[in-house]
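Subject: Handover of a structure and what was found in it

Dear colleague,

Please find the structure below, handed over for your study.

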Amino acid sequence: MFSHHQRRYVVAVALAVVLIATAVPAEAQVTAGGAPYYLALGDSLSQGVQPNSAGQSVETEQGYANDLWSQLHATKPDLKLAKLGCPGETTTTMINGGICPYPMTSQLAEATAFLTTHRVTLVTIDIGANNIDACVSGAGIDQTCLAAGEATAGRELPVILQALRQAAPAVPIVAMNYYDPFVAAALKGGKFVGLAVESKSIASAYNRQLTAAYESFGIPVVNVAGAFAPINLPGLPYVGLPVNLALICALSWMCAPSPVGPNIHATPAGYSVIADLFAARAG
């Protein structure tokens, strides 16, 4: 028979085991040793959105997340892909929800839950473009809208990154900056050339802001903007377009004829370029 002190010890151990078991979500107990995952977070780009033949933006399996998973899967056959991105997502809606339905209400809550209940080996993220995209139109750039979008991203992106880091301190996270689809406005000539030039300047400044936020959390940023517009030369032989315009026409749907374009999303070729950048950085 146990002594009084031994009985107390056994009861304490049993209680601790019960508390530990109930403190860990059931899904975590099941999946902790399960297949590894690549988790893609962000906006429409993370879902591979492209226009269909009617010009409607739809989610596809030809996005950078799918392309990157294919590359990683070649050497890690058990790797699974989870895409939690939401088309139209801003930093605000990523935190609070409101656009895409999630069991946990928001993409961020869903992502942190996923990270704590699954074996995730890589996270990619792109977020913030929708904070300011609506500020640019054929009429010009709404500076009030732009300032508000930049300020909101400055406040909220660190909140998102802090939550992800807390949920998975050791999981590699890689981010991307954004290409500027609006430089294609220069093809219209006239006042639209000025709009394109101003847009390029705004995009560069905004990318610097996003990059600084990511890097403050030790998150590397792949240079998508540089890949889509590496240099601005007078023109290409037989094309007559500056290099950045020729590339944006090839890598996005901005120059596609109606009804398919203009559309800000990447083409399959564009998504492939983004995937290659992520793959190089993720090793």
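In which sense do strands E5 and E8 pair, and over how many bridges? E5 and E8 pair in the parallel sense, over three bridges. Two strands are said to pair if DSSP finds at least two bridges between them. Helices (H or I, at least four residues) and strands (E, at least two) are DSSP runs, numbered from the N terminus.

Some notes on how to read the values come next. This is a predicted model, in which local features need pLDDT of at least 70 and side-chain atom pairs count only at pLDDT 80 or more, while totals for chains, interfaces and linings use all residues. Residues are numbered from 1 along each chain as its sequence is written, and side-chain values use heavy atoms, with hydrogens and water left out.

Overall composition

The protein has eleven helices and eleven strands. Of its 283 residues, 46% are buried, where buried means under 20% relative accessible area, exposed over 50% and partly exposed in between (1.4 Å probe, protein chains only). Contact means heavy atoms within 4.5 Å. Among contacts between residues at least 6 apart in sequence, 69% join residues at least 24 apart.

The sheet

Strands of a sheet pair through backbone hydrogen bonds, either parallel or antiparallel. Here, an open sheet of five strands runs in the order E4-E1-E5-E8-E9, with parallel pairing. Strand E4 (80–83) and strand E9 (221–222) stand at the edges with a single partner strand each, so one side of each is left without a neighbour in the sheet. E1 and E4 pair in the parallel sense over four bridges, and Tyr37 stands opposite Lys80 in E4. Helix H5 packs on the sheet and touches E1, E4 and strand E5 (119–126). The direction of H5 makes about 165 degrees with that of E1. Helix H7 (residues 143–167) also packs on the sheet, touching E1, E5 and E8, and its direction makes about 175 degrees with that of E5. These axes are lines fitted to C-alpha atoms, for helices over the stretch in contact, and the angles run from 0 to 180 degrees between N-to-C directions.

Both faces of E8 are covered: Ile173 and Ala175 on one side, and Val174 and Met176 on the other, are all buried. The bridge partner of Ile125 in E8 is Ala175. E8 and E9 pair in the parallel sense over two bridges, and Met176 has Val222 as its bridge partner in E9.

The nonpolar core

A nonpolar core is a set of buried Ala, Val, Leu, Ile, Met, Phe, Trp, Tyr and Cys residues joined through side-chain atoms within 4.5 Å. The largest one holds 70 residues, of which Leu39, Leu41, Tyr64, Ile125, Leu164, Met176 and Tyr214 touch the most other members. Leaving aside neighbours within four places in sequence, the contacts of Ile125 include Leu41, Met94, Ile160, Val174 and Tyr214.

Aromatic rings

Rings of Phe, Tyr and Trp (its six-membered ring) pair if their centres lie within 6.5 Å; planes under 30 degrees apart count as stacked, over 60 as edge-to-face and the rest as tilted. The count by this rule comes to three aromatic pairs. One of them joins Tyr37 and Phe114, which are edge-to-face at 5.1 Å centre to centre, with 90 degrees between the planes. This pair links distant parts of the chain, with Tyr37 in strand E1 (residues 36–42) and Phe114 in helix H5 (residues 107–117), 77 residues apart. Tyr37 and Phe114 are both buried. The rings of Tyr179 and Phe228 are stacked, because their centres are 4.4 Å apart and their planes are at 10 degrees.

Local features

Thr105 has a positive phi of about 85 degrees although it is not a glycine. Thr105 is placed in the loop between helix H4 (91–96) and H5, and counts as exposed at 53% relative accessibility.

Yours sincerely
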